[in-house]
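My notes are set out by topic.

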Amino acid sequence: MFIRKSKNLNSWQKYTLILPTVSVGNVGQLSADLIVSTLSMERVGYILHPSLLPCVGNNPYAPENSTSCQITTCCEVYESEESRLVVVQQRAPFIKGRRKEYVEWLTNWIKEQQFHQVVILTSSFAHERLDHQLTGSPFRILQSPKTEERCGALLKSDLGWKELELRHSFPAPSSNQRDSSDGDTKLLYMPGSGISKHLFESCQELPVLVLLMFVSEGDNAQDAINMTDHLNKWLGFVKSEKKDQLWNVPTSWSLVFGSTFDPKLFQ
């Protein structure tokens with residue numbers, strides 16, 4: 001269930017929902033971190049669902065050297081009234097076998113809120129790319145019919161975004177191989193992208209877009225910055241003449257790989 005922080009919550013009919021999924025490199029979640037931190041978004045509630053592993057921690061967006069002890073949960077909802085954005089930040093993995101249950105609930109919740117549009121941020125394994133995907137942009141998009149009708153021309157012509165290529169089988173045939181007549185159908189193949197494929201397919205009647213990036217596991221901070229830049233070109237929620245000062249990196253990123261060792265151990 002969605003638990004509101006306040007009963008006086010804004011209507012989100014004119015808001016864009018940014019929904020990162022747990023995926024390879026957690027690029028979507030890191031991108032959401034940048035958006036929440038940069039816009040100083042307000043936490044307006046959290047999601048409590050039996051499919052998510054419970055966890056708590058300190059405020060990941062607290063200023064450096066802050067003594068803030070605000071508790072953070074496994075899935076929280078943030079809002080920027082000025083930018084008309086809502087971000088759902090999921091910080092915990094799913095309990096085995098319960099993803100479908102969560103997707104069904106989340107789809108119904110999104111429909112109930114009547115968002116203006118939904119953007120799913122996700123990533124996929126770079127080593128699973130086809131030969132012709134090895135060069136050029138590492139980004140791909142998927143659009144529902146309503147998004148295609150509303151924004152398709154802008155995204156493809158003005159921004160130059162590419163649709164995710166469908167694949168015949170796994171492993172896929174080479175790009176120059178023609179369609180066979182043996183009944184082999186093209187499918188969406190998004191390995192490592194978590195629930196994004198199932199969520200996209202269950203929201204086809206809504207204006208929804210999937211922004212996907214091919215990545216590898218490791219330090220994915222720069223991938224997250226690139227993804228946020230890419231999204232900002234379309235939505236324009238942050239404007240600055242100095243690109244290196246565009247995003248406010250949260251203090252929690254300094255502990256992505258844990259704290260440093262104590263030098264006294266080697267003295």
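The entries below cover the basis of the values, then the helix, then the cores.

**Basis.** I worked from a predicted model, in which local features need pLDDT of at least 70, side-chain atom pairs count only at pLDDT 80 or more, and totals for chains, interfaces and linings use all residues. Residues are numbered from 1 along each chain as its sequence is written, and side-chain values use heavy atoms, with hydrogens and water left out.

**Helix α1.** I took helices (H or I, at least four residues) and strands (E, at least two) as DSSP runs, numbered from the N terminus. α1 has twelve residues and spans 16 Å from its first C-alpha to its last, close to the expected 16 Å at 1.5 Å a residue; the expected span is 1.5 Å times one less than the number of residues. I found eleven of the twelve residues buried, that is, under 20% relative accessible area with a 1.4 Å probe, protein chains only. Among the buried residues are Val27, Leu30 and Ile35. Their cover includes β2 (16–20), β6 (75–80) and α5 (221–235). Ser40, which follows α1, has a positive phi near 50°.

**Cores.** I defined a nonpolar core as buried Ala, Val, Leu, Ile, Met, Phe, Trp, Tyr and Cys residues joined through side-chain atoms within 4.5 Å. In the largest, of 38 residues, Trp12, Ile110 and Phe115 touch the most other members. Its largest share, five residues, comes from α2. Leaving aside residues up to four places away in sequence, Ile110 touches Leu17, Leu19, Phe115, Val118 and Leu206, contact meaning heavy atoms within 4.5 Å.

Definitions and conventions. Buried means under 20% relative accessible area, exposed over 50%, partly exposed in between (1.4 Å probe, protein chains only).
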